[in-house]
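Thank you all for coming; I would like to walk you through one protein chain, beginning with a single side chain and ending with the chain as a whole. Please have the sequence and the model in view while I talk.

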Amino acid sequence: MKSMYAYAASLAAVLLGLVSVEQSSVAQTTSMPSQARSTIAQSLTPPALSQARIDESLIEFPLPQGEQSYGSIDGRKLHQYVVDLAQIALRYRDAGHPQFWGRLIGTSSELETDRWLAGKFKALGLSDVRIQKLDLPPQWMPQSWNVQMSGDGRSLHLTSAQPAYYANGLPAGGVELDAVYAGLGTEADFIGKDVRGKAVFVYNMLGLPDEGGERAVKHADAKGAAVIFVVSMLPGNMHYEAYPSSTRAPCFYLGNDDGTAARQLIETMRSGTAAKVKVALDVQKVPNLKSELVWGTLPGASDETIYVTAHKDGWFEGASDNAGGVASMLGLVEYYARMPQAQRRRTLIFIGLDGHHNEGQRGMITGGAGRRWIAEHRASLFAKTALVINDEHPATLQTQSRPRYYPGDELAWSNTYMPLQWYAGGKTRPELQKIVWDAFKEFGVPVELDPSPTPPASDMSYFFKFVPGVDASEYHNYFHTDWETPEVVPWTGLESTTRAFAKIIDEVNKHPLSAFQRPEDTSPGPFDE
């Protein structure tokens with residue numbers, strides 16, 4: 001009992017310390033609210049924990065009995081590919097792109113990625129390795145932005161502010177606006193508030209039915225907001241790059257530390273006065289850029305085909321999305337390249353997709369040039385295709401946001417990987433679903449109990465109507481943020497998922513082409529344009 005009282009007292013002291021630090025951060029000028037956050041062993045800048053600690057902590061699943069051939073797929077080697085791809089993004093950042101960076105479509109970072117991938121394809125033994133160029137419409141490229149907040153002699157520099165993709169730019173010199181807090185951005189939150197021409201702050205919680213605070217953003221825009229800020233409820237001060245908000249008012253996303261500091265400043269303003277927000281956003285639409293597909297072929301014993309695709313682009317280091325998918329694809333390349341051609345029943349074709357992180361506002365065609373080209377040529381590409389695997393976000397470390405009774409304001413890291421959403425050909429292909437389920441279970445890949453009726457918002461979403469498709473991925477707490485570093489991609493997860501994909505290919509190769517081919521589905525899909 002005494003130990004329980006001691007624990008309660010120490011916890012109360014920690015919490016009181018948090019409150020006092022949080023209050024003091026508002027009472028003084030600050031440009032880094034994140035320094036007030038309590039952590040247990042984590043860094044306040046990415047990565048939260050070291051690669052060495054993660055590697056030595058991960059649970060490694062043994063090979064199933066009788067499946068020793070898949071042991072050549074080495075997760076540690078695959079993880080090095082993730083590191084290599086993250087380094088490409090970091091080089092682009094350090095070459096004069098400190099705010100909007102990553103492996104970005106149409107930029108020098110994409111060119112470096114493509115030459116790296118083509119080199120790996122050739123070194124691992126693929127034939128017909130080629131880079132296919134694709135024309136792009138003008139691409140959204142923010143040049144710079146800045147967000148500062150002030151009131152009653154205090155000021156904040158909201159360093160985590162990140163404009164949603166394709167946000168409208170602001171006039172030269174920026175704008176200065178009154179700040180309004182609107183909670184979750186529901187109609188109830190806007191009652192009695194005039195937001196026209198103002199900067200509106202709303203909160204977003206992961207898992208709400210309107211992903212990314214979309215409903216709140218639309219409400220604020222419809223009510224005349226001049227700029228909209230969406231605050232993440234996840235711990236920390238992450239930069240988050242969101243898909244387009246499709247609003248007239250530019251939309252920025254804020255880390256929780258910055259968002260909390262902004263709300264506290266609004267709360268402490270004297271009655272009748274408003275905190276001020278000065279916002280600048282310089283955007284250019286850059287014409288005449290090109291993207292690329294990277295192709296490689298591993299001939300088999302027949303001209304029937306199996307495709308493996310993985311998109312190459314990513315925001316920030318893009319370790320899980322989608323360096324992990326590219327690494328897993330290379331693991332499959334290496335595994336099958338070691339096999340004599342006569343033992344490969346079907347020809348394997350690998351495609352490094354350009355990606356989809358350059359999609360514009362709804363109704364605009366600015367991204368997905370590669371998958372669009374593939375869809376247009378589906379009759380010639382997939383006439384004899386038994387399977388397409390889209391390798392996207394195949395392994396991500398399991399994290400938990402602010403575990404109950406845990407005295408750290410952080411995402412707690414674990415020693416294993418997250419369950420995947422998965423799709424395996426839909427309800428008309430129960431045999432394929434069983435093959436996929438059995439392979440994931442056998443190789444220790446955690447998945448949701450039921451398959452998704454359609455692919456989980458991946459590039460397979462654009463192919464599944466006309467190919468037998470498999471997709472497994474997860475959209476995690478660090479998704480699309482500057483904390484999505486190689487440390488959040490566990491080598492054990494890469495190994496298990498890639499081995500399972502190889503098992504799926506081998507099992508599909510035991511069936512005739514007719515087993516999984518179906519007439520093209522012409523019903524409306526979730527991502528039809």
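This is a predicted model: local features need pLDDT of at least 70, side-chain atom pairs count only at pLDDT 80 or more; totals for chains, interfaces and linings use all residues.

In which helix does Arg 499 lie? Arg 499 is part of helix α12, which covers residues 491-508; helices here are DSSP runs of H or I with at least four residues, strands are runs of E with at least two, and both are numbered from the N terminus. Residues are numbered from 1 along each chain as its sequence is written, and side-chain values use heavy atoms, with hydrogens and water left out.

Is Arg 499 buried or exposed? Arg 499 is buried, because its relative accessible area is 8%, and buried means under 20%, exposed over 50%, and partly exposed in between, with a 1.4 Å probe and protein chains only. A polar atom of the Arg 499 side chain lies 3.1 Å from the backbone oxygen of Tyr 70. Leaving aside residues up to four places away in sequence, Arg 499 touches Leu 63, Tyr 70, Gly 71, Ile 73 and Phe 443, where contact means heavy atoms within 4.5 Å.

Let me turn to the backbone. His 480, by contrast, is buried at 1%, and its place is the loop between β19 (469-473) and α12.

There are also cis peptide bonds to look at. One joins Pro 46 and Pro 47, with omega about -5°, and Pro 47 lies in the loop between α1 (2-26) and α2 (51-57). Another joins Asp 321 and Asn 322, with omega about 5°, and Asn 322 is within helix α8, residues 319-337.

Finally, the whole chain. The protein chain has 12 helices and 19 strands, and buried residues make up 56% of its 529 residues. Among contacts between residues at least 6 apart in sequence, 79% join residues at least 24 apart.

Methods. A polar contact is a pair of N or O atoms within 3.5 Å; within protein, one must be able to donate a hydrogen and the other to accept it, and residues adjacent in sequence count only if both atoms are side-chain atoms.
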